[in-house]
Amino acid sequence: MVQFVNLKIKPRVLRTKKKHPSFRRFQSDLFVRVRPSWRKPHGIDSRMRRRFKGMPAMPKIGYKGHRALRNVHPDGMRHLLINNVRELEMLVMCNRKWAAVVAHGVGAKKRKAIVDRAKKLHIRVVNRNARLRREEHE
């Protein structure tokens, strides 16, 4: 179940969403066998673990974003994954802050029913044109 946080997001605050560096695994640029996905360095002599000058940044709590802006997309809405028509009912009361995203595995017939129901309920569907034939949505 999704917990809806009722926080008001001002446009000025939305523009000031924090950026953080891309945290890459230490020495992933030197060795093919070391993938770039983040792992904390644990070595006793590790320069990165000891935070020497010139080393890449490591994740820490200071990079955490503003609570009102967490999981907010550039369009100013939070997105909720929808698998069937019944799940749209959750968004009826909060359709100004939340938008629906139809799941990847939903077929064309159910997808069309979800989009039609969302239109009646005034819910924004982010990927409403996916998997629809050209003649249908024109």
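Helices (H or I, at least four residues) and strands (E, at least two) are taken here as DSSP runs, numbered from the N terminus. By that rule, the protein has two helices and two strands, and along the sequence these follow the pattern α-β-β-α. The model is predicted, so to speak of local features a pLDDT of at least 70 is needed, side-chain atom pairs count only at pLDDT 80 or more, and totals for chains, interfaces and linings use all residues. Residues are numbered from 1 along each chain as its sequence is written, and side-chain values use heavy atoms, with hydrogens and water left out.

Helix H2 makes a friendly example to look at. The helix covers residues 108-120, and at 1.5 Å a residue its 13 residues should span 18 Å (the expected span is 1.5 Å times one less than the number of residues). The end C-alpha atoms lie 19 Å apart, which agrees. Buried in H2 are Arg-111, Ile-114, Val-115 and Ala-118, where buried means under 20% relative accessible area, exposed over 50%, and partly exposed in between (1.4 Å probe, protein chains only). Seen down the axis of H2, the buried residues fall within an arc of 95 degrees, so they line one face of the helix; the arc is that of the directions from the helix axis to the C-beta atoms. An α-helix has 3.6 residues a turn, so residues three or four places apart point the same way.

The buried residues of H2 pack against strand S1 (78-82) and strand S2 (98-102), with contact meaning heavy atoms within 4.5 Å. On the other side of H2, Lys-109 and Lys-120 are exposed. Just after H2, His-122 takes a positive phi of about 60 degrees.
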